[in-house]
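Please keep the sequence and the structure in view while reading.

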Amino acid sequence: MTRFLIVRLGQSLLLLWIVSIVGFAILHLAPGGPMSQFAEAGNMTQADMDRMAEQLGLNRPLPLQYVQWLSNIVVGDWGVSYRDQQPVLRIIFSHLGATFELMLASTLIAIFIGVWVGVLGAVWRYSLFDSVATIFAMVALSIPTFWFGLVVIWFFSIELGWLPAGSRMTPGDGSFMNRVHHLIGPALVLALVSTAIWSRYMRSSMLDVINQDYIRTARSKGISEWRILTRHALRNALLPMITILGLQLPNLLSGALVTETVFSWPGMGRLFLDSINYRDYPTVMGILMFTAILVLIGNLIADILYGLADPRIGGRAR
Amino acid sequence: MSRPQTQAAAPPVLQVRDLAITFNTRAGPVRAVSDVNFEIARGETLAIVGESGSGKSVTSLAMLRLLPGAPFCDVSGQVLLSHDGQQTDLVTCSTAEMRGIRGRHASIVFQEPMTSLNPVHTAGTQIAESIRRHMGLGQRAAMERAIELLDLVGIPDPRSRAASFPHEMSGGMRQRVMIALALACDPSLLIADEPTTALDVTIQAQIIELMKEIQARTDLAIIFITHNLGVVADVADKVMVMYAGSPVETAPVADLFERPLMPYTRGLLQSVPRITFSASRGQPLPAIRGTVPSPLALPKGCSFGPRCDWFLSGTCDAGTPLLQSVQRGHDVRCHRCETILQESAIQ
């Protein structure tokens with residue numbers, strides 16, 4: 001276990017380094033830059049601008065800028081935002097709660113619906129239910145998130161008036177029910193793709209399990225089909241899903257970016273997009289590295305959980 | 001095997017009449033098994049023998065309704081199980097009745113011990129589940145009974161083994177757990193579907209010895225499905241030889257080995273390697289030529305015809321032979337069994 005963790009840690013650090021290089025390069029390749037933002041404001045002279053670039057280190061060669069950034073972040077200095085001079089980490093943490101709330105809600109929806117659709121699709125294979133579920137999953141996977149978000153807003157907020165069109169709460173309210181009410185729309189939109197993915201993986205995993213010999217053994221004991229499903233099949237079929245949980249994290253984060261923008265949800269995704277538009281290099285790089293670390297930790301946790309949930313991998317000789 | 005006289009009048013534990021199984025495949029209905037008739041009394045062991053694809057495993061699964069149901073598969077005929085002073089037809093009884101019988105009155109041990117146990121539950125839990133289902137015991141009492149059963153099937157240190165997961169055990173030990181599971185509720189019928197095929201030879205002998213011991217103690221009726229004739233000679237009272245989905249010869253075990261009448265049975269017996277058979281030393285082991293026909297394309301007349309040394313054109317391909325009794329308890333499905341009987345009497 002210790003050896004496994006050390007190897008994984010080494011791999012993770014290498015991966016983070018590569019992500020930082022690629023991210024940094026792409027960010028600086030994009031046309032424009034922080035200086036053009038200042039120029040647009042229109043009230044700065046060329047001398048001011050030059051002094052500013054000198055101060056921020058933006059006039060130095062790119063590799064040097066990267067090394068400077070890297071050496072700062074290694075010692076824990078994530079830099080300050082160009083926009084409001086706040087430390088990047090503080091900005092990220094102030095947006096983290098909203099994103100986690102959204103991701104948690106949509107993951108719960110996706111797991112609950114996806115698992116059951118998948119299980120029943122496998123049990124009633126080739127039935128009407130299975131065919132309809134398959135078609136729905138394919139459609140859900142093909143729908144662009146931003147479009148579905150707009151449709152939800154149009155239908156539930158504008159036509160029916162049931163849900164608020166955006167933001168995390170009504171200013172001045174912020175009660176639990178008010179927050180839940182605001183959460184429904186974006187959580188459903190973000191859950192759409194994951195629900196489809198979960199149902200497909202769950203269906204194939206379940207199909208694999210219900211044809212196993214031990215299910216026949218369970219049936220030969222005379223226990224009910226429901227008990228066979230829940231006690232004998234579901235647990236085995238859910239094991240590989242733990243890995244899916246880890247793999248879904250990047251999907252969720254990129255989905256959150258779009259969903260948060262459509263629903264003006266004050267989370268990390270929207271912050272990321274705003275920061276890119278503003279060419280706020282420290283914040284963009286900060287969010288990039290932060291989410292990369294999240295994904296790596298998520299996958300590590302999924303692997304460890306898998307080991308704990310499967311007695312064959314846990315290696316406990318009891 | 002000797003049985004108390006009082007039970008002679010009791011109906012047989014299991015009576016199978018005209019059992020037939022049809023699979024509805026894309027290529028149309030396929031008759032996998034037909035004309036299966038036999039009965040088995042308490043304490044008796046019936047061996048069902050045949051090559052791969054002869055329908056022996058399908059027959060055993062069909063008896064406990066463990067095949068995929070309609071519309072994939074149709075089972076007809078009667079499978080009458082005696083329990084609690086009544087007879088239930090396992091082909092037509094309700095699903096709820098069937099569940100009350102499986103694991104309680106009739107159990108099955110499968111061929112593959114490595115995959116037949118659930119990997120995420122301990123051995124004890126899996127045995128206790130059946131006991132709780134049928135005997136109405138609580139969690140703790142059921143687990144105690146499971147530990148007793150593990151002890152009964154010869155697992156050392158049963159208490160700690162009950163808490164072991166299947167992957168922590170060897171194949172032989174897992175098969176012992178399967179047997180303990182099958183015997184958990186003291187059934188009257190045990191179906192053993194090639195229980196030793198996947199095991200080492202020494203472990204095979206131990207498992208067979210264990211089953212004989214348990215039978216002697218509990219008067220269990222056993223249907224032993226195998227393709228190993230050595231095992232048949234060791235365990236069986238009666239033997240049913242199956243070929244291409246139908247029984248072709250049924251006889252008491254000694255009779256079958258001394259006077260096999262169906263050419264197929266003779267071929268099977270000849271193809272068993274023997275160390276003592278010195279006359280044939282250096283000779284290739286006789287084998288039955290050809291292969292088992294596909295149930296999609298059975299030959300006309302006798303299904304064994306094309307592979308048979310006794311094949312007589314005009315007789316054997318004229319019509320399907322019927323199972324006929326040649327001696328008491330010895331039935332053969334062969335057009336030429338009279339001739340074969342006479343010739344074997346001369347020899």
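How many residues does the contact take from chain A and from chain B? With contact meaning heavy atoms within 4.5 Å, chain A contributes 22 residues and chain B contributes 29 residues. This is a predicted model, in which local features need pLDDT of at least 70 and side-chain atom pairs count only at pLDDT 80 or more, whereas totals for chains, interfaces and linings use all residues. Residues are numbered from 1 along each chain as its sequence is written, chains are lettered from A and ligands numbered from 1 in the order in which they are written, and side-chain values use heavy atoms, with hydrogens and water left out.

The size of an interface is often given as the accessible area lost when the parts come together. Between chain A and chain B the buried area is about 2,400 Å², with carbon and sulfur atoms giving 53%; buried area is the accessible area (1.4 Å probe) that two parts lose on being put together, summed over both. Two salt bridges are counted between the chains, a salt bridge being a side-chain nitrogen of Lys or Arg within 4 Å of a carboxyl oxygen of Asp or Glu. A:Arg227 and B:Glu129 form a salt bridge through their side chains, at 2.8 Å from N to O.

On the side of chain A that touches chain B, α9 (213–220), α10 (225–262) and α13 (311–314) of chain A each supply at least two residues. Helices (H or I, at least four residues) and strands (E, at least two) are DSSP runs, numbered from the N terminus. The most is given by α10(A), with seven residues.

Chain B holds an open sheet of four strands in the order β2-β1-β4-β5, with antiparallel pairing; two strands pair if DSSP finds at least two bridges between them. Its edge strands, β2 (28–40) and β5 of chain B, each pair on one side only. The twist averages 15° from one strand to the next, where axes are lines fitted to C-alpha atoms, for helices over the stretch in contact, and angles run from 0 to 180 degrees between N-to-C directions. Helix α1 (residues 56–63) of chain B packs on this sheet and touches β1, β2 and β4 of chain B, its direction making about 110° with that of β1(B).

Within the sheet, β1 (residues 14–25) and β4 (residues 73–83) of chain B are antiparallel over eight bridges. B:Leu14 has B:Leu81 in β4(B) as its bridge partner, and B:Phe23 stands opposite B:Cys73. Four bridges join β4(B) to β5 (residues 86–89) of chain B. In their hairpin, with two residues between the strands, B:Asp84 takes a positive phi near 50°.
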